Amino acid sequence: MKTIINQILKQRFLLIIGIGMTFVQTGCSKLVEADGPGTSLLDKDVFRYDNTAIGAVTTLYGSMSEAWPQYGGELSTLSVNAGLSADELVLYSGSGNSKLDAYYKNDLNSTVVDANDYWGTAYKSMYRVNAALEGITASESLTPAVKNQLLGELKFMRAFYYFYLVNLYGDVPLILGTNYAVNAVAPRSSRQVVYQQIINDLKDAQSLLSENYLNADLLTPYPNGNEERVRPTKWAATALLARTYLYTGDWANAETQSTIVLDNVSQFELGTLNTPFLKNNKEAIWQLQPVNKGFNAMEGYFFVLPLTAPTGSNLFISMRHCYRVSMQQI
């Protein structure tokens with residue numbers, strides 16, 4: 001049963017960071033540092049109108065996509081670093097990159113890795129997520145359908161961040177509000193408590209998110225076949241919930257949730273090897289829009305080898321030629 005579920009999830013639901021990777025475990029002892037007041041997301045007027053509330057949440061997706069793989073930062077870089085540490089990738093000896101070399105040799109230390117590598121960046125991003133959650137929850141002027149969709153997206157986003165934090169660091173502080181003085185000295189919560197919060201958020205997201213891919217107004221769905229898959233739907237929450245159950249050893253619920261998505265043959269299907277990395281392909285459940293001009297996905301920039309030989313711009317060689325990895329999509 002475990003093997004079957006693993007294969008289903010690996011083949012069908014590729015998370016942005018790459019499914020099945022062995023994560024670096026580290027005992028970071030730094031306090032959680034989050035932005036203090038003053039951010040625009042704390043301005044109640046932002047959440048008075050549909051368009052400004054949608055814009056505020058949309059900016060949070062942009063930050064997920066903007067980091068370069070060799071520099072750490074947002075979770076969109078994790079497929080590279082975790083792949084190196086798990087021996088799924090080989091680092092080209094001529095890369096000259098000390099940070100990537102430390103991940104590759106599992107020799108991480110404070111001289112090459114700092115708190116901004118995932119820990120600090122993730123918590124700063126989640127501070128903004130929590131601020132948006134509070135603002136949208138308190139708003140009484142948003143269109144109900146827009147409000148529900150945005151709350152579902154934010155719950156999904158928080159669960160997404162915590163899923164990878166708990167796999168990177170084990171016990172982590174569980175930050176669910178915007179009191180920066182409290183957040184800065186928050187103790188770690190057990191992995192079990194964090195996983196339960198992830199499950200709670202994803203169940204909420206399932207009930208709030210649309211089943212369809214929505215236009216920019218979050219009110220009208222795209223015509224079937226022309227949808228942009230850049231905002232989470234009920235199916236994205238279900239896929240991540242299935243994987244969370246898998247990681248917690250709840251095999252029955254993992255199979256149940258994955259089957260829900262597998263049975264949705266009208267929206268999802270396996271394509272050829274040429275299609276999984278393309279925009280809006282039917283194998284993708286959720287994709288992040290690129291924010292760096294000229295680079296649709298950073299794997300393409302670093303993983304595609306020239307006909308001659310690897311260079312400093314082609315740092316990695318995949319060890320698993322039949323294993324699809326995309327940090328761009330679920």
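1. What share of the 330 residues in the protein is buried? In this predicted model, buried residues make up 51% of them. The protein exposes about 14900 Å², of which carbon and sulfur atoms supply 53%.

2. On confidence, the average pLDDT of the protein is 78, and 73% of the residues score at least 70. Among the elements, the lowest mean pLDDT, 41, belongs to helix α1 (residues 2-12), whereas the highest, 98, belongs to helix α8 (residues 191-208). Over residues 1-31 the pLDDT is below 50, although this stretch has 105 contacts in the model beyond near neighbours in sequence. Residues 320-330 also have a pLDDT below 50, with 56 such contacts. Where pLDDT is low, the predicted coordinates should not be read in detail.

3. As to the fold, the protein has 11 helices and 2 strands, which follow the pattern α-α-α-β-α-α-α-α-α-α-α-α-β when read along the sequence. Of the contacts between residues at least 6 apart in sequence, 73% join residues at least 24 apart.

4. The residues making the contact include Trp-119, Tyr-123, Met-126 and Ile-136 of α5, together with, among others, Leu-150, Leu-154, Tyr-161 and Tyr-169 of α6.

Definitions and conventions
Residues numbered from 1 in each chain as written. Predicted model: local features only at pLDDT ≥ 70, side-chain atom pairs only at ≥ 80, totals over all residues. Heavy atoms only, no water. pLDDT = per-residue confidence, 0-100. Helix = DSSP H or I, 4+ residues; strand = E, 2+ residues; numbered from the N terminus. Contact = heavy atoms within 4.5 Å. Buried < 20%, exposed > 50% of the residue type's maximum accessible area, 1.4 Å probe, protein only. Areas by Shrake-Rupley, 256 points an atom, 1.4 Å probe, with all protein chains shown as cover.
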